Amino acid sequence: MSVEIDTSAFTEEAYELLSELEDSLLELEESPGDQELIGRVFRAMHTIKGSGAMFGFDAVAEFTHEVETVFDMARNGTISVTKELINLTLAARDQIRAILDAAGGGSPANEENAQRIIAGLRGLVPGAGGGAAGGAAAAKGKGKKPVVEAGPHSYRIRVKPHADIFANGTNPILLLNELREMGESRIIALTDDLPDIGALDPEQCYLSWEVFLTTEKDENAIQDVFIFVDDECDVNVRLLDREENLSTDAEPKKLGQILVERGDIDQEDLEEALQPLGDRLVDAGVVGKDQIRAALTEQQLVQEKREKKKKAEAATSVRVPSDKLDNLVDLVGELVTVQARLNQTSASVGDHDLQLISEEVERLTAELRDNTMSIRMLAIGTTFNKFKRLVRDLSLELGKKIEMTTEGAETELDKTVIDQLNDPLVHIIRNSIDHGVENPKDRLAAGKPEEGLIHLAAVHSGASVLISVADDGKGLDPQFLKRKAIEKGILPPDVELTDKEAYQLIFGAGFSTAEKITNVSGRGVGMDVVRKSIDALRGQIDVQSELGKGTTITLKLPLTLAIIEGLLVEIAHDFFVLPLAAVEECVELSRDRVANAHGRHVINVRDEIVPYIRIRDRFGIEGESPEIEQIVISEVDDKRVGFVVDRVIGQHQTVIKNLGKNFEHSEEFSGATILGDGTVALILDLQKMVRFVQHEEAEENSGGE
Amino acid sequence: MAKIMTVDDSASVRQMVSLTMKGAGYDVVEAVDGKDALAKLKGDKVDMVVTDLNMPNMDGIELIRQLRALADYKFVPIIMLTTESQATRKQEGKDAGATGWIVKPFKPAQLLGVIKKVLG
């Protein structure tokens, strides 16, 4: 922290003190034995020195220190007040004045003069000159223990305050709290000395503590906590986790051994009481219950540390190239498919034994699948860390102050998803920094703290992961977005949009709200890239914004790309899979309901008008549709859209296969899967299909005008 | 917020201590020497005292001694301002009942660190 302090208060006071000093010195010349006067001189110099250093007048402080040191001896009676001392001190006073004048813009003080005065003063000191000044410096380095190697260490700290510790206004709890703040701690209160309530003196301290502290700090830092209570408190610090304590081969220390080592009991006590150890020791009155408790805690702590070490060693021992894992996932995918076939076959054969085997294989396959998937799961934390750097660099570049906080860094996602998530997240965060968070001046004007905030969070939600980027910037203005879109001809002038729909505009290709091109937004990458990548990940984007308060962009992503939960449907004799995450409900579509809609593709579901797409027509599938068709109502881009199919077969866990080069232009499919009987089912990309249809309709409309 | 008294005969040190503490949100009462401090403290209870040692009229050590004799100030943290050359004075202060000390010159952050240490 920094406090701006006006130095004129010091110089003014110093001049005052100097003239006072002069008067006192002259008086002292008259009556050299006057202790009161000596005290006054000393105090004046002491104050000049002390405040001089605090206000940055180091030259004053250094010089005055020499004079003060000598005068302190006069005060103690080590040297007597002589004419020579007074002369030198008066000269010193003039020298201090000269230094102050120089600092205030006067001619520089005569350094030789200063040296002469100091030498003269030192000459008055019996024995070695200048010894007093050296003593203080030597005292600084005393008692420091060698520093142990870096890394968190576990310490046992015994804190035994003397009974009268409260008399100095010391609160031992604060000391314990200070230790607590240094790391992970366990504190055990030793209450054995506590007398009966009748004999208890509330102004005495009867308690002592054993603190088990795991901290990055060294032993000196621990000792420093007790700097003020050196005399009122016995403190014993011991490093617990030396290598021999932690080496995983050695037996953990036994309770008795620990007690002996700590000096609570000696070896004989231990051997005498060696069977039910803790109880016996207490019964025998050798140690208190609390001491046993403390020793047990120590034992536990060392054991836990060792467990951790073991785990850490085990965790680092597997490293596999990711393509091997990808292979494994593919194989598991095949297995899931074959297993589905086995299920179907065994059901149709009706052999009881075969069915039992099939069920067993199904259970194992599911477990194998989940395990394999979990191997590819990675915590998103490393990606988060990369963004911290990005935020730091970019905000610096743009002259903004932004702090980034993260949450849920331990959230796990499929490695491939994480890899493909990097670019879109970079764009979103860039966008937040560039367009979201205002510059410090505007923020202050808007009554916000100067420093903007970007919060990056990841959380599991069912079979999806929600990743949100929230800023506390200026928010999105739906009217402004709409106007821009109309200006650019993306939307017709009379368009009606909800705020949500307006927000989605920022993801349109070639749509930029930046009023001026900055280094950041001029990189030729837009938010449309974000939409494309998230679509490719079968994810969804949600935008929440409040004008003036900030924007939150949430990405909803599947946990894994290799397997999806799908809804299997049939049209004529073709099978299709709709991603189950998007499916909301299934309703029937009878012929008379179609007739009632007068040719428009909408249906009334509980008083809500829902548009639908006939997949049969869309793909030109021949044949007669059944009397009653099914509409699968799904949520696509925040809107409810129905997809008409002949028959809904049911939930189907689908291993996704790529369609291959021949079909890479069929955008309405995101892949294919093989059903149990070997039939191929295409996986529909609902978002693309809806956008396709919308696009076509818009063209038809404009063509018809 | 806690109320702290600063006792110093030097107006500039008082100003610096007082600005630092106010900046950290503490209420501050100022006194120019031990006598002044005692008079002010008898009417107005504070949570902590920061006192210089060398002062006219009544020095810091006497102030600490007298404060510790008052029921209200028996356990209140008292910090003394000392200099490196005053090892014996420091001990005298401790014996009189000072909770801790700060060696002059000090930086504002050091002062706040010590306050946090003894006041919580």
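User: Happy to start with helix 5 of chain B: which of its residues are buried?

Analyst: This is a predicted model, in which local features need pLDDT of at least 70, side-chain atom pairs count only at pLDDT 80 or more, and totals for chains, interfaces and linings use all residues. Side-chain values use heavy atoms, without hydrogens and water; residues are numbered from 1 along each chain as its sequence is written, and chains are lettered from A in the order in which they are written. Buried means under 20% relative accessible area, exposed over 50%, and partly exposed in between (1.4 Å probe, protein chains only). By that cut-off the buried residues of this helix are B:Pro108, B:Leu111, B:Leu112, B:Val114, B:Ile115, B:Lys117 and B:Val118.

User: Thanks! How far does helix 5 of chain B reach from its first C-alpha to its last?

Analyst: Helices (H or I, at least four residues) and strands (E, at least two) are DSSP runs, numbered from the N terminus. The expected span is 1.5 Å times one less than the number of residues. Helix 5 covers residues 108-119 of chain B, 12 residues, and its reach is close to the expected 16 Å: it is 16 Å.

User: Which helix of chain A supplies the largest share of the side that touches chain B?

Analyst: With contact meaning heavy atoms within 4.5 Å, 41 residues of chain A are in contact with 43 residues of chain B. The chain A side divides into 18 nonpolar, 8 polar and 15 charged residues, where Ala, Val, Leu, Ile, Met, Phe, Trp, Tyr, Cys and Pro count as nonpolar, Asp, Glu, Lys and Arg as charged, and the others, Gly among them, as polar. The largest share, 9 residues, comes from helix 2.

User: What area is buried between chain A and chain B?

Analyst: Buried area is the accessible area (1.4 Å probe) that two parts lose on being put together, summed over both. Carbon and sulfur atoms give 59% of it here, and the total is about 3200 Å².

User: Which residues in chain A lose the most area to chain B?

Analyst: Together, three residues account for 22% of what the chain A side buries. They are A:Arg43, A:Met54 and A:Phe228.

User: Is A:Gln95 buried or exposed?

Analyst: A:Gln95 lies in helix 4 (residues 83-103) of chain A. Leaving out residues up to four places away in sequence, A:Gln95 touches A:Phe63, A:Ala109, A:Asn110, A:Asn113, A:Ala114 and A:Ile117. Because its relative accessibility is 4%, A:Gln95 counts as buried.

User: And A:Lys532, buried or exposed?

Analyst: A:Lys532 is found in helix 21 (residues 527-536) of chain A. A:Lys532 and A:Pro424 are 108 residues apart in sequence and 8.8 Å apart in space, C-alpha to C-alpha. With a relative accessible area of 60%, A:Lys532 is exposed.
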